[in-house]
Amino acid sequence: MATKKAVKETAKKAAKKHALHKPAHDARRTFEHLGRVQALSPLTTSESEKILFLTKLADGAFRTGQYKESADLLRGAEHLSFAILHAGSTETVTPDLRAAITEEFEHLTLRMSHHASEHPAPKMLLQLRTRLHQEAKSALRRGSFRAALEFARGTEALAHVHLPEAEALPSSTPSKRLRS
């Protein structure tokens, strides 16, 4: 009985938190993620095209007041940036840690699938998310565990993105840019 009551209380708190969610919160998240992506950009030149695409898409979402989508796109770009930094490395881990990493990877994959099924994504974003998920699986197989988890977190973040104007991708020269 106590467990059911705790679950109900947690659900109530989550509902209240979601009801109080303000656009300013997501605008601040966008600002923070953009700053981290910009700080990492000199180190991630090998995949700068993907990061630039996500940044431009986030800029377009931000300009139209879709702050949550903008923040989630930049969160995906941030995780992609960290994945790139770890992509060439492999880690030796204990069997218990490997099992925990694999479990988290599967959890992130399940969450990504769940969120992705809730709404359509622009074709180019869907293709990028699919490619990053393949890179995540490849990194996990070769023992690049940090990269695998970062790629997986990035694909999960991108699965949260819901852009009603699915084909309205950013132009190559946006009129108003996100700045930190």
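This is a predicted model: local features need pLDDT of at least 70, side-chain atom pairs count only at pLDDT 80 or more; totals for chains, interfaces and linings use all residues.
## Overall fold

The protein chain has seven helices and zero strands. From the N terminus on, its elements run α-α-α-α-α-α-α.

Of the 180 residues in the protein chain, 42% are buried. Among contacts with a separation of 6 or more, 85% are between residues 24 or more positions apart.

## Packing of α2 against α4

Helix α2 covers residues 23-40 and helix α4 covers residues 67-86. Their axes come within 8 Å and cross at roughly 25°. Angles under 35 degrees count as roughly parallel, so α2 is roughly parallel to α4. The crossing of α2 past α4 is left-handed.

On the α2 side, the contact is made by P23, D26, A27, R29, T30, H33, L34, R36, V37 and L40. On the α4 side, the residues are Y67, K68, S70, A71, D72, L74, R75, A77, E78, S81, F82 and L85. By class, the contact of α2 with α4 holds 11 nonpolar, four polar and seven charged residues. As background to such lists, an α-helix has 3.6 residues a turn, so residues three or four places apart point the same way.

## Helix α7

Helix α7 runs over residues 145-159, which is 15 residues.

Buried here means under 20% relative accessible area.

Conventions: Residues are numbered from 1 along each chain as its sequence is written. Side-chain values use heavy atoms; hydrogens and water are left out. Helices (H or I, at least four residues) and strands (E, at least two) are DSSP runs, numbered from the N terminus. The expected span of a helix is 1.5 Å times one less than its number of residues. Axes are lines fitted to C-alpha atoms, for helices over the stretch in contact, and angles run from 0 to 180 degrees between N-to-C directions. Angles under 35 degrees count as roughly parallel, over 145 as roughly antiparallel, 65 to 115 as roughly perpendicular and the rest as oblique. A crossing is left-handed if the near helix is turned anticlockwise from the far one by less than a right angle, and right-handed if clockwise. Contact means heavy atoms within 4.5 Å. Ala, Val, Leu, Ile, Met, Phe, Trp, Tyr, Cys and Pro count as nonpolar, Asp, Glu, Lys and Arg as charged, and the others, Gly among them, as polar. Buried means under 20% relative accessible area, exposed over 50%, partly exposed in between (1.4 Å probe, protein chains only).
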